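Here's a quick briefing on the model below. Have a look at the fold, then read on for what sits inside.

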Amino acid sequence: QQAKRTYLTLEQQQALIKSVDAYDEKHKGSHHKTMMLILYYMGMRTGDVVSLEWVHVIDTPFACNITKVLEKTRRKVKTPFVMPMPEPVRAALKEWRKQQGNPTNGLVFPSPVTGKRLSKSPLSGCWSWIKQDAGLHTDLQLYTLRHNFISWLVMHNIPLPVIAGMVGHRTTDMINSNYGHLVKGATDTASKNFADLLKKQA
């Protein structure tokens, strides 16, 4: 399990995004790119992306987020989580909505065959192609994108409660126990930053 909790270097992430675009060029009109961008930029679970409905996508001049009850905990937690939607995801969803005829409800990514939910692993073929094209290790699971998202937020000293809220956790316990080692050096940096406060005012 620990081996799965890895993250990508910046170079690998750049290669990943290029390969996502390359795959989209080969499969124009497919849902793959938009789904991949949500997984990469928001760290969402595949199940939450597959079950995403247009009513969950809030895109107004006043708010831009995805608000939904999470699949993994929906039996126990009925309160929806609010996950900020970054610009690349917003733009991709806008284009996808336009391509689908500007729907206001229903599934964001319905099966092109049945119109119902996609399978539990709708990106398996796409992910295999992208890994090969980007030169990533063949053993990397799609869930790596979630680990990558959390890991880089932790390494950039984003407060753990903020990260927990962004990935659908109500406490920091899981993040602290599985990603706490990435905070190495953060206390030294924090101490130095505080010591430098008065120097900046001088």
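A cavity here is a set of points, on a 1 Å grid over the protein atoms alone, where a 1.4 Å probe fits but cannot get out, and its lining residues have an atom within 4 Å of a point. Grid points are joined across faces, edges and corners, and a volume is the space filled by probe spheres set on the points. This is a predicted model, where local features need pLDDT of at least 70, side-chain atom pairs count only at pLDDT 80 or more, and totals for chains, interfaces and linings use all residues. Residues are numbered from 1 along each chain as its sequence is written, and side-chain values use heavy atoms, with hydrogens and water left out.

**Cavities**
- The structure has two cavities of 30 Å³ or more.
- The largest holds about 60 Å³ of space, and its lining is made up of L39, M44, R45, T46, L142, Y143, L145 and R146.

**Fold**
- Counting DSSP runs (helices: H or I, at least four residues; strands: E, at least two), you get ten helices and three strands in the chain.
- Reading from the N terminus, the order is α-α-α-β-β-β-α-α-α-α-α-α-α.

**Whole chain**
- The C-alpha trace spans about 60 × 40 × 35 Å along its principal axes.
- Of the chain's 202 residues, 39% count as buried (under 20% relative accessible area, 1.4 Å probe, protein chains only).

Notes:
1 Å grid on protein atoms, 1.4 Å probe; cavity = no way out; pocket = protein on both sides within 12 Å on 5 of 7 lines; lining within 4 Å. Buried < 20%, exposed > 50% of the residue type's maximum accessible area, 1.4 Å probe, protein only.
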